[in-house]
Every structure is written in structure tokens, then in C-alpha cells.
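Student: Hi, could you walk me through this structure?
Tutor: Happy to, here it is.
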Amino acid sequence: MASMVFAIPRPVHPTGIWSWITTIDHKRIGILYGVTAFILFLSGGVEALLIRAQLALPDQNLVTPEVYNQLFTMHGTTMIFLAIMPLGAAFFNFVIPLQIGARDVAFPRLNAFSYWTFLAGAIILKSSWLLADAPNAGWFAYSPLTGIQANPTHGIDLWVVSLQVLGVASLAAAFNFIVTIVNLRAPGMSLMRMPIFVWMSLITAILLVLAFPVITVALFELSLDRVFGFNFFVVAAGANPVLWQHLFWVFGHPEVYILILPAMGIVSEILPTFSKKPLFGYPAVVLAGAIIAFMGWMVWSHHMFTVGLGPIANSVFAITTMAIAVPTGVKVLNWIATLWGGSISFRTPMLFALGFIAMFTIGGISGVMHAMAPSDAQQQDTYFIVAHIHYVLFGGAIFAIMAGIYYWFPKFSGKMYNESLGKLHFWIMTIGFNISFFPMHFAGMYGMPRRIYIYNEGMGWEIYNMLSTVGAFMMAFSFLIFIYNIVTNWRNGEDAPDDPWDARTLEWSISSPPPEYNFVNIPVVKTLDDWWNTKHEDSDHLPMPAAGGSEDAEEHHDIHLPQPSYWPIILSFGLMLLGFGFIYNFYVGGLGAAIAMIAVYAWSFEPVNDPEPENNNH
Amino acid sequence: MTIIPTYVILSPVVGDINSLESSSKVITKKLITLWVLGHRRLNKFKANFKFARTLFVVLSLLVVSVFSASCVGFGSSQSTFEVSGPVAQNQLNLFNIILVLGVIVFVIVEAALIYVIIKFRRKNDDDIPEQTHGNRTLEITWTIIPALILIIAAIPTVSGVFFAANPPLSADEGAIVVEATGHQWWFEFDYPQYGVHTANEIHIPVDTPVIINLRSDDVIHSFWVPKLAGKVDMIPGNKNHLWFQADEAGEYLGQCAEFCGVAHANMRFRVVAESMEDFTAWTEHQLSEPQEPIEPLASQGKSLFMGARGGCMACHQVRGTNAMGKIGPDLTHVASRTTLAAGITKNTQGNLKSWIRNPEKIKPGNLMSANAPIYQENSDELTEAEISALAAYLGTLK
């Protein structure tokens, strides 16, 4: 009866744009995430280029200080929440079900919902530019600067609401992937036979589930202060603004591991493939990832060494932070040992993976410098920190993401990218990156604070800033090469074979791109790196039945696929209206809430189209 | 063979460190030596060793030259390398320790990376190398060694934390105390021991510990004089402190180092270290009240300042007059300061006039432009004559 209330029929074989709007296929959702996040990454890059243009010379006034403050706030928030995290999600989506031998994730509509809600959060945040009211208090938004008194316009509210919406998207995705990885692995794939990327994704998803509630609470408290006059962070009423910092960084530090662990997972897949050797010390790498995630909860106050928490607190957090360098270093050494004795090929994904090791090591070393609290007292809030974060987030996460895009490009697009352009992209980006960010170590040690829109001639910082700007534009140029390569070859590139890299994991055992149902038969897994084992080592192993999807194989199997649905995007739309409405107009908010409630109800009760054997094999 | 490059790296830094630091360096060097000697696996690769060693030495020298050139060749008035006091020196020493360790790790890791990608590059597409899965001994060793190195690094870290937190003398024992309050976007300073009240510039005697108590009136700021000490935040509602000591006389640059709003970049200050006699003279002078201006232009300026036209007395204090405003910086001895507008321009008559004429241009977002009636749309702008008069008056407030 309930399903009769909603006359909207569930889509059946939608085509064109509707097939994207109603898709619940993890492969399409992965592509949606990847393309959207990459465009947002470019927007964050434009924000960075404007920052660098302003700082290229001393005493410049290309932008006002207010706009500059909005630029660095939006750049940081965009890159972390709208670029790196969703690019990670793109890989979780596309790769995990293929690597574990599943047909899709555990909750396909929830998966689509995660994407559309991410898009809603992105729209809320980026619209702040169009509303001439972008947030301006930095990506970590310290109180009391974000209070209604110090910051009366809506920019901060847009920041808060967008992060809440993005949090919903992230949590939904995290739950989805945990259940998928725990429950939907192919028979024979024990946890210790799982690809390392799946392990890192599982750990990341657990971190997401535990960390996001903390920032959700902090954001609610800030909203209550700003909108309803509460006093969580209001000093005049007796509050301690340091509370915000504790809440934020208890989230914020695990967040940086959320950013880097998937990247490490990608690199851990690529290095073995292109050296034709297994990952050295797979159990140790898994354990190191888990230890990093666990210890990541014990280090947050290293962001607060100058807050005056006292020498005991500072000493404890200095020690825990230094400790976390140990499992991180173990991973780096395991990667190098993977290469040792291998047969190394320098295709573009491998170049980026090697670049990751080189750059992330530098970022890790500067991280240990910050861990030592007395030296951090000079480095905190200077360009030395900016250098560190970009070595680990750009030299680390972005390099790994680029590696992953090139690596899995044949699989998701069915085409080969142009190898020479890929290499050119790598070299220009790497050189530009180091020219841009290495000098920042010096600017910082020479006393240049961060988040300043202007500096005077004669401070001794001119050369470093000019170099940083030149490098930034070089990086931007390298991305033009990347975009050209990907876009032209996605349309017109050479067809890709199933397994162009002679790789090790299950996604390479099926066609490029995979059929909608992924595997004709769910594979039975015997070892870690089962696909490699099948190809090279186990000559008695019977070839897997028609994994690529020959026409005859299709007819004989009852493959039930999840069906497309309208309700995820409608629910996300409702949440977006709720978000905007909370800030600007409670009626719009009410409308959004109503749409959301209807969507949840309809989603729960929507019919499953009666499966008939002929209609399913496609 | 790692001893030679290690020594090369260590030698530039061995210069001016105290004994705790040098003994931990010695221990570190010994550990590295032990590690190298115990690492018998390296013997297996004797044939390739020459190449690896060359690579290692080249990388080490490259790194050392880059660092030396950058550290020595360029400088800054806010450099954390050109320290002038024990706290900053302690912090720099710690940085140097981790810099050496970091460079060693960098060279080892990057050399290993470059070595493997050259030595093990693919020569034949059909080659399948031995599928090594791991090596327990190696993995345990390379977990323990970094842990030991970090444990050693933790010792000067913890001692440095306590060193910076605890002034060697208390206020009663001879330390100078300054109460610093951060405002958007200027620094207010009080000397409870002397009764001095001023803004944006403090004087201290050399070779004397100075305790700065840190407060804020609005949002979080940070007090940072890089050549004297690392920063500590000024948090409204909280009581923080730091201490430092200047070993040499001179003028030290300070800057707010916690993002505090639109004019954060323009919130700076000065610390002037001088002999005890000069310092005492300064405090006495700061307590004195200014004389009535004699010169007619300055006298005019005073009337403007105190009257409705300028309205300055509503926010600023000039002791000994009717100007008792507490919202903006105290101007009683503004002409004695080296800078204006919170450390951002030199204190000259020309700059003072520019500031009075159009403060928004010099320090966009400042609260004087935002709030003072004279700068609002509905008011007549100050004329050049009025500006000269005001500047002349302020110039008498030495």
C-alpha cells in the first residue's frame, strides 16, 4: 500500500543524463565523484594562484585583505573537503568492489546519496563566493573569531552548514564501505588476502565514523552560538575558546590520516605492479596503517603547542607525535624494499608513486620537526607549517591520487592515456611543486607568519615568495597537460586491454571498462594477489570462467543487480535546501526538511522491479 | 661509509651549542655508526657499493651546500636563526638537532630510492623477479632504530619545553614583568612594577629575564619576537605567559602570529633592548606627563585632538589632559616610539600625516577608520591644515 502513495515509478534502464542522475552503480558513482572533485580541485587551485599572485611581490594590493582572508579559507576548505576526500571516495567507489570480487557496494542507493550530498555540500560552500560572503576565518575557524560578534555576516554560517552536509555524505559512505568490505568479499578472500588498498580504505572508513561526530558536535555548538545566542564559545559568558580548538583538532588530526591513508593504499598497489614484486611486508604495512589510525587520536594537541596548555601537556603530545613517525617510517621502508630486487618500469603511475615516496618523506621529516614542541614554538603559524602541510598533502595525497588516476584510467575509461604527456605532466608538476613549496621552509624560519595578505619590502622574504609563485604557476600549467591528456584520450584514445600493466589484483581480470555486473562469476580467491597467482605462479590453476564477459556466458547466469533510483538525489536536494534555509530563510529550510522526509520514506518503500531472467543480463 | 658524510653534515653545526646538545649529537653519531657497522647486509652489495656511496656523498654535499647557502647567505629582521636570547637559542639548538637527524634520514631514504630505481630498472619485459614477501629481522630492525633515535630526540625536547615555560627568575627576584593585551589590531603593554602604560613598543633591559603575561581583549592573537623566543598565544579569558631575555641591545621585530581578522598582517610591535640605565630612564620618562605645546600649529592640533572636530580623545589617552579614552592605543608618548599603527610604518611626520589623512589606506580594516566619526561618510574630511596640526601635536608627545 505504501508504495502506491508514490506514483513515481522506479526508473527502468534509464539512458543519457537520467542514467547518471539515477545511477546506483559504484563505477559510475566513482566517476561522478572523480570528475566533480577534480573540478573543485581546480577551483581550489585558482584560489591558490590568486594567493600566490598577491604574495609574489612585497607591498602589493591585488586583492583586499578581506578577499585574501576568504581566499585562503576557501582554498584550505576546498582542497581538504571538496578535493582530496572526494577524490579518495572516487577510488573507494570504483576500485573496492572490483578488488574484493563484488558486484557493487552493500548499499547502492546510499552510495549514490553520498555523492549527491557531497555535491550539495560543495554547492553550499562554493556559493559563498557568488553571495559575496565567503568564510574568512581560516579552514580551522578558531573561536572567538568565528563568533557572531567578530564575524556577523553569513560566510561562517555557509562554512558550518556545508561541512555538516559534507559530514553526512562522508558518514554514509564510510558506513557503506565498512559493511561492503566486511561482508561482500569474494569467497576465499580473508582479511589478510585483501588488497592493501582495501585495507587502507577500511581503516579510513572507521576513522571517518569516529572522527566526524566530533566536528559535528563542534559545528552544532558554533551554530547554536551564532544563530540562537548560545554561549559555548562566548568568553564574556565564561566560555573558553580553546574548547573549539580541542574539538576541532580531535577531529582534525584523524582527518589528516583520513586524507593520507587511501593515498598510501594507492601507492602500495602501484609499486608492486610496476616492480613485479609483492608488497614487502604486507602484514606490517597493514598493521602500520592500523597503528597510525589508532595513534592518530593521541596527538591532536600538537596543533596547540602555543596555546598555553602547559609544559606537561606539551611534552606528552610531543612524545606521542614523535612516536607516530615510527609506523609511518616503516611504511616508507617497506615501499623501498618492495622496489628492491624488482623489475621496475617507469610508466606514469609509477613515476607519481615514486614521487610520492620522495615528497612525503620530506613532509614527514618537517612533521617531526614540528613534533618537537620548542622548535614548533618558532614554526607554528609560519610558512614552515605551510611547507609541511603541502609536502604531505600535495606531494603526498595529490601525487598518489594522480598516480591512481593514471593507473586505473584504462580500467574506468576503457582507453589508454598518452604516456609521453603523462610523463611530461609528472616532471613539470614535480619540479614546479618543489620550486613552490621548498622555499616556504625558509620563509617560515625567517619569520614570515602565515595568513598574511601582505609583507613589506626589506623583510628578506621576497625571493622565497617569488619562487613559490613561479612554482605554483608551473604546477597549474602541468594540470593543463593532464586535463588535455585525460579528456582527449577518454574520448578518442586507444582501446585498453583488460590488464595493461600485468597487475596483481582482481579488477585487472575483467574487461576495461568492466561490464555493469563486474564479474560473470564471483571469483574464488586462493591467495593474496590472487590474479597474479593465477597468471604467473599456479600453472595448475584453471583459467577463471569467462571473467571478461563473452556473449554466451551472460545468458546462463542469474545476476541480480541493484536498480537505479530517483530518491537519493532528491534527498540530497532536500538537505541542500535545508542547509541554505537554516541560514537565510526558515521556510525554505522547512521545505527542504519536508522534501527530505518524503524522500526517505519513498526510498524506504520504493518497489523493486520484479526481476525476470531475460531483463537482467546486461 | 656513512660516517664521512655524517661528519660533513655535523661539522657546520657543531659551533655554538651547549653541552647537553653536543652529547646527544655524539650519542646519535655513535648509534649511526653502530647501525652501519652492524648492517652486514650491505656487504652483499660490494660491487654496487661504490655507486651507492658516491650517490650518498653527492646527495649529502648537495644538501649541506643548499642549507648552508640558505642559512648564511640570506637573513631577515625576523629570522629564527639569528637569535639573541637564551629561549630562542634553546629552540634553535633543538631545531638544529632535528635538522641534522632529518637531513640524515632524507639522504638515506632518497639515496636508497634513487639507488633502487636505477639498479633494478626493468631490462627485460619477461623477467619476473623473486617474489619476496618480507623479512622479519629487517622489519624489526628498521622499526626499532627510528624509535631509538626519536627517544633520544625526546630528551632535549622535553627539557626545552620546561625551559621555555619556566622563567629563571620570578618577578620578586628581579625579572621584569610586562602585561601584554592583544586587541584587534594592536598591542597594549603595562608594566605593573613601574606603572608604565604604553602600546606597540616595549623596552627591556639586556641580560634580564622578562616575563610577558599574555591576555586578549577580543579574539586570539599571538605574541612573537622570533629573535628572542617562540610564540605563545594571547587568548581571551585565559592567562598565558612566556619569558625571554635579550643578550644584546637592539630593536627586535615582533608580529602577531595567530590569524585574528582582517588586519592581522598589520599587527606588529617592537622590543627595544637597552642598558639598565637607559631602561630605567625610559620608564621614568614614560611616567611623565607631556608639556603643553608651545608652537601654534601643535597647539591647534591639540584643540582638534581634544575637541569634537577630531574626536580623538574618545578613544585615545594622553595622560595629563582630558583625553582619557581606553579603546585605542595610549598616545601619551607616541612620538617616542619608532613605529606607528602597530609596528607597520616608521614614525615620521610624513607617515603620521598619511596615517591621519587616510588610515584605511595604510591598514585596511582598522577600527579607527571603521568607527571614528571623522572618517565616516557623513563627516567632512580633515583638511591638510588640520592634518598638519594634529601631526605636529602628536609630534610633541615625546
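This is a predicted model: local features need pLDDT of at least 70, side-chain atom pairs count only at pLDDT 80 or more; totals for chains, interfaces and linings use all residues.

Student: What is the mean pLDDT of chain A?
Tutor: The mean is 94, and 94% of the residues of chain A reach 70 or more; pLDDT is the predictor's confidence in each residue, from 0 to 100.

Student: And where is the pLDDT below 50?
Tutor: One such stretch is residues 539–556 of chain A, with 22 contacts in the model beyond near neighbours in sequence. Residues 613–618 of chain A are also below 50, with 11 such contacts. A contact is two residues whose C-beta atoms, placed from the backbone, lie within 7 Å.

Student: Now helices: at what angle do α10(A) and α11(A) cross?
Tutor: Roughly 165°, with the axes of α10 (residues 311–339) and α11 (residues 348–371) of chain A coming within 9 Å. That makes α10(A) roughly antiparallel to α11(A), the word for angles over 145 degrees. Axes are lines fitted to C-alpha atoms, for helices over the stretch in contact, and angles run from 0 to 180 degrees between N-to-C directions. Helices (H or I, at least four residues) and strands (E, at least two) are DSSP runs, numbered from the N terminus.

Student: Which residues meet there?
Tutor: Among them are A318(A), M322(A) and W335(A) in α10(A), and I357(A), G364(A) and V368(A) in α11(A). By class, this contact has 8 nonpolar, 4 polar and no charged residues. Ala, Val, Leu, Ile, Met, Phe, Trp, Tyr, Cys and Pro count as nonpolar, Asp, Glu, Lys and Arg as charged, and the others, Gly among them, as polar.

Student: How do α4(A) and α8(A) cross?
Tutor: The axes of α4 (residues 65–99) and α8 (residues 242–275) of chain A come within 10 Å and cross at roughly 35°. The contact includes G88(A) and F91(A) of α4(A) and P262(A) of α8(A), and its residues divide into 8 nonpolar, 1 polar and no charged.

Student: Switching to chain B, what order do the strands of the open sheet take?
Tutor: The order is β3-β2-β1-β5-β8, 5 strands with mixed pairing; two strands pair if DSSP finds at least two bridges between them. The edge strands of chain B are β3 (196–199) and β8 (240–244), each pairing on one side only.

Student: How many bridges join β2(B) to β3(B)?
Tutor: There are 4, and these strands run antiparallel. D190(B) stands opposite H197(B) in β3(B).

Note on methods:
Residues are numbered from 1 along each chain as its sequence is written. Chains are lettered from A and ligands numbered from 1 in the order in which they are written. Angles under 35 degrees count as roughly parallel, over 145 as roughly antiparallel, 65 to 115 as roughly perpendicular and the rest as oblique.
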